[in-house]
Amino acid sequence: MKKSLFTLTMIIALCSSCQTFQYTQKIAYLDYSFFRERNFFVTETNTVSFPYESLGSIAVLISSGKVYKSTDTNYKPLYQRSGSFKKATLEDTYQLVYDLAKEKGANGILGLKVEYLKPDKFAGKSKSNEGYMISGMTIKK
């Protein structure tokens with residue numbers, strides 16, 4: 001009994017003590033040229049040096065997943081519905097936040113926060129919850 005306990009302890013010690021981690025570098029750059037080309041002001045700061053009118057807060061979430069056809073009038077479980085998979089992109093998120101802000105009369109966003117939503121490791125190959133979230137305060141300059 002003591003021999004097997006000692007052997008098990010040694011195996012665990014050897015496996016856990018020699019673990020190394022891979023060297024990693026990650027770089028992220030968010031290009032705001034989408035907004036600049038549309039003469040739409042965005043900044044990550046909460047204050048600016050010009051007068052503005054606060055219109056409201058905005059939050060947009062886009063996540064990858066299956067796009068279902070809306071022509072089905074009979075109820076079917078999601079796995080039985082026909083549709084195609086669509087990957088969430090930053091450009092789609094930019095477009096949605098821009099369209100919604102313009103609809104509300106805004107020409108800028110203060111305190112812009114862009115967040116990448118990582119896929120859940122338990123989601124499998126579908127990566128259905130990968131996506132982007134953008135939030136901020138809409139303003140009129």
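A residue is called exposed when its relative accessible area is over 50%, buried when that area is under 20%, and partly exposed in between. These terms are applied below to a predicted model.

Asn39 has a relative accessibility of 70% and therefore counts as exposed. Asn39 lies in the loop that joins helix 2 (33-36) to strand 1. The phi angle of Asn39 is near 55°, which is positive although the residue is not glycine. Most residues other than glycine have a negative phi.

The chain as a whole contains 3 helices and 6 strands. Read from the N terminus, these elements follow the order α-α-β-β-β-β-α-β-β. Of the 141 residues in the chain, 23% are buried. The accessible surface of the chain is about 11,100 Å², and carbon and sulfur atoms account for 56% of this surface. Among contacts between residues at least 6 apart in sequence, 73% join residues at least 24 apart.

Four strands form an open sheet with mixed pairing, in the order 1-5-6-2. Strand 1 (41-42) and strand 2 (53-63) are the edge strands, each pairing on one side only. Strand 2 is paired with strand 6 (residues 131-140) in the antiparallel sense, over 10 bridges. Within this part of the sheet, Ser63 is opposite Gly131 of strand 6. Helix 3 (residues 90-103) lies across strand 2, strand 5 (108-117) and strand 6, and runs at about 150° to strand 2.

The model contains 3 salt bridges. In one of them, the side chains of Glu37 and Arg38 meet with an N to O distance of 3.9 Å. Glu37 is exposed because its relative accessible area is 63%, whereas Arg38, with a value of 30%, is partly exposed.

Another salt bridge joins the side chains of Asp92 and Lys86, at 3.8 Å from N to O. Asp92 has a relative accessibility of 30% and so counts as partly exposed. Lys86 is also partly exposed, with a relative accessible area of 46%.

A further salt bridge is formed by Lys87 and Glu130, whose closest N and O atoms are 3.2 Å apart. This pair links distant parts of the chain, the two residues being 43 residues apart. Lys87 is located in the loop between strand 4 (83-86) and helix 3, and Glu130 in the loop between strand 5 and strand 6. Lys87 is partly exposed, with a relative accessible area of 47%. Glu130 has a relative accessible area of 12% and is therefore buried.

Notes: Residues are numbered from 1 along each chain as its sequence is written. This is a predicted model: local features need pLDDT of at least 70, side-chain atom pairs count only at pLDDT 80 or more; totals for chains, interfaces and linings use all residues. Side-chain values use heavy atoms; hydrogens and water are left out. Two strands pair if DSSP finds at least two bridges between them. Contact means heavy atoms within 4.5 Å. Axes are lines fitted to C-alpha atoms, for helices over the stretch in contact, and angles run from 0 to 180 degrees between N-to-C directions. Buried means under 20% relative accessible area, exposed over 50%, partly exposed in between (1.4 Å probe, protein chains only). Accessible areas come from the Shrake-Rupley method with a 1.4 Å probe; for residues, only the protein chains shown count as cover. A salt bridge is a side-chain nitrogen of Lys or Arg within 4 Å of a carboxyl oxygen of Asp or Glu.
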